[in-house]
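Look at the sequence and the structure below.

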Amino acid sequence: MPGLESLAFTNRFTRGLPADTEELNTRRQVRGACFSRVKPTPVARPELVAHAREVAELLDLEVTPENENDFAEVFGGNRLLPNMDPFAMCYGGHQFGNWAGQLGDGRAINLGEVVNSRGQHLTLQLKGAGPTPYSRTADGLAVLRSSIREFICSEAMHHLGVPTTRALSLVVTGERVMRDMFYDGNPAYEPGAVVCRVAPSFTRFGNFQIFAARQEMDQLRQLTDFTLRNDFPHLGEPSRETYAAMFDEVCRTTAAMVAHWMRVGFVHGVMNTDNMSILGLTIDYGPYGWLENYDPDWTPNTTDSQGRRYRFGAQPQIALWNLLQLGNALFPLVGDANPLQRGLDSYASCFQEEQRRMIANKLGLTRRDTEQDEPLVPELWALLAAEETDMTLFFRGLADARCETGSPEDPMSLLAPIENAFYQPEKVSSEHRAQLAGWLRRYQLRVREDGTPDALRGMRMNLVNPLYVPRNYLAQLAIDKAEAGDYSQVRELLAVLRQPYTCQAGKEEFAAKRPDWARQRAGCSMLSCSS
Ligand code: AMP
Ligand code: MG
């Protein structure tokens with residue numbers, strides 16, 4: 001396997017789009033440009049904590065004991081390879097529903113775009129590599145805890161089958177970073193880290209929005225033409241029609257992405273328009289969380305605890321709202337609201353279709369009969385929300401439910417496969433148990449009608465209902481150890497999450513529901529944006 005020096009940089013973004021003419025790395029409003037050239041800030045002692053070998057392979061790289069130090073130097077931001085052309089992107093965004101003006105890559109620095117041996121274009125981006133013109137009042141750095149969370153979750157999402165940006169590496173910098181984790185006047189030093197993210201494109205809705213907001217129409221057109229040609233080449237040459245077709249495709253891929261989030265119980269936490277990828281990839285893992293007990297109103301983000309704008313159950317609506325903002329930004333190019341409205345409509349129909357398929361798969365039903373599934377489904381969600389029930393364990397348990405034979409069973413044996421999903425089994429009322437048993441009986445009948453044998457149904461369900469997800473408390477346990485200098489749990493968590501649907505002997509602790517101590521602990525149930 002060739003080494004780092006063989007990375008073939010193509011740098012289409014910086015070669016093809018207008019650059020900031022000011023070369024000094026000072027914080028400012030950058031006008032008329034898609035990006036600013038800026039170099040990573042060197043760090044004291046970069047050390048490779050973990051890497052994703054699948055992402056390395058994607059780049060035709062292999063990390064070996066011999067090249068590990070070089071790897072840490074390059075992906076910690078200390079050494080530039082020939083033909084790298086580092087830059088930070090200019091973008092704006094709506095934060096929590098309000099237009100926030102210029103945001104930009106405040107702590108992300110793209111090292112450049114490469115083309116791999118299979119002809120795929122991939123951009124390498126360091127997160128936490130120092131200030132850029134877009135850093136506003138912040139330091140451009142990232143701490144270890146948030147970098148572990150980003151690294152682990154990006155890869156977990158990929159292995160779960162959810163569209164996402166990838167993470168190549170996690171490097172500690174050997175430097176300390178000051179953070180006020182809860183914005184409560186108690187800042188403390190934490191270890192600094194850099195994650196190298198990888199994606200075919202890091203362009204966000206906000207990249208288009210900033211030009212529309214500033215009435216920089218030439219730049220808006222240049223960026224859109226570039227995006228069409230490079231990220232949507234199958235749509236044809238830029239025209240009003242292909243701009244609209246691109247928007248339509250973004251609506252569809254975003255719908256598919258959000259349906260996957262709902263399938264696995266992922267809550268993004270900060271669905272601002274600057275955190276929405278033009279390729280429908282999950283991007284920017286900050287105060288995200290995983291549903292443990294099923295609760296559609298839950299948000300992990302303490303900054304959002306009042307309005308709960310980005311709660312689990314609101315994600316489909318919020319994505320649509322965000323797409324509307326992108327549609328507004330593209331309107332000057334399309335010149336007609338109708339095709340954009342059709343795109344938004346296709347989001348709605350696409351999401352509905354994906355969601356129907358998703359829930360049928362989660363329930364192991366092959367013959368889709370919406371008339372019959374619909375009453376089964378809302379009642380299930382209501383039952384899961386009524387008593388603390390672990391979403392992940394419930395669906396794995398349901399895969400073991402016996403439906404094939406026999407007359408309706410007694411409630412106790414009906415509930416046995418899902419008993420483990422209750423957080424406080426002793427507190428679950430007999431009334432709730434009876435209701436759930438009633439639901440399970442109807443589910444049995446529906447499955448029998450569907451005609452899939454139990455073994456086959458269970459196998460199929462276990463391919464869409466994960467057993468291992470990066471539960472908030474699991475990430476926090478790995479963080480606790482890592483902050484004390486022991487990275488073994490980060491690596492082990494990554495290893496388990498590589499096969500989230502396969503029961504792994506000896507890894508039971510990674511499938512366990514949230515322990516009581518994690519209920520209120522910072523990082524486990526509540527996260528701030530401080531990272
Ligand atoms: P986020 O909420 O993480 O998507 O960040 C919103 C904006 O703040 C983006 O423009 C980020 O680049 C920027 N930002 C977040 N944290 C930092 C930081 N520590 N230093 C500089 N910019 C940051
Ligand atoms: Mg962001």
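In which helix is the place of Q209? Q209 lies in helix α5, which covers residues 205-213. The model is a predicted one, and the points below are grouped by topic.

**Residue Q209**

- Q209 has a relative accessible area of 5%; buried means under 20%, so Q209 counts as buried.
- Leaving aside residues up to four places away in sequence, Q209 touches G93, H94 and W99, and also T273, Q325 and A329.
- Q209 and Q435 are 226 residues apart along the chain, and 49 Å separates their C-alpha atoms.

**The magnesium site**

- Ligand 2 is a magnesium ion, and N275 (OD1) and D284 (OD) coordinate it.
- N275 and D284 are both buried.

**Describing two packed helices**

- The angle between the axes and the distance between the axes are used to describe two packed helices.

**Helices α6 and α7**

- Helix α6 spans residues 217-231 and helix α7 spans residues 240-264.
- Their axes come within 11 Å and cross at roughly 70°.
- Angles of 65 to 115 degrees count as roughly perpendicular, so α6 is roughly perpendicular to α7.
- The crossing of α6 and α7 is left-handed.
- On the α6 side, R221, T224, D225, T227 and L228 take part in the contact, and they meet T242, Y243 and M246 of α7.
- Sorted by class, this contact of α6 with α7 holds three nonpolar, three polar and two charged residues.

**Helices α4 and α16**

- Helix α4 runs over residues 144-160, and helix α16 over residues 488-497.
- The axes of α4 and α16 come within 9 Å, with a crossing angle of roughly 15°.
- Angles under 35 degrees count as roughly parallel, which means that α4 is roughly parallel to α16.
- The crossing of α4 and α16 is right-handed.
- From α4, the contact is made by I148, F151, I152, E155, A156 and H159; from α16, by V490, L493, L494 and L497.
- The contact of α4 with α16 divides into eight nonpolar residues, one polar and one charged.

Key:
Residues are numbered from 1 along each chain as its sequence is written. Chains are lettered from A and ligands numbered from 1 in the order in which they are written. This is a predicted model: local features need pLDDT of at least 70, side-chain atom pairs count only at pLDDT 80 or more; totals for chains, interfaces and linings use all residues. Side-chain values use heavy atoms; hydrogens and water are left out. Axes are lines fitted to C-alpha atoms, for helices over the stretch in contact, and angles run from 0 to 180 degrees between N-to-C directions. Helices (H or I, at least four residues) and strands (E, at least two) are DSSP runs, numbered from the N terminus. Angles under 35 degrees count as roughly parallel, over 145 as roughly antiparallel, 65 to 115 as roughly perpendicular and the rest as oblique. A crossing is left-handed if the near helix is turned anticlockwise from the far one by less than a right angle, and right-handed if clockwise. Contact means heavy atoms within 4.5 Å. Ala, Val, Leu, Ile, Met, Phe, Trp, Tyr, Cys and Pro count as nonpolar, Asp, Glu, Lys and Arg as charged, and the others, Gly among them, as polar. Donors are N, O and S atoms within 2.8 Å of the metal (3.2 Å for Na, K and Ca); water is not among the atoms, so sites may look incomplete. Buried means under 20% relative accessible area, exposed over 50%, partly exposed in between (1.4 Å probe, protein chains only).
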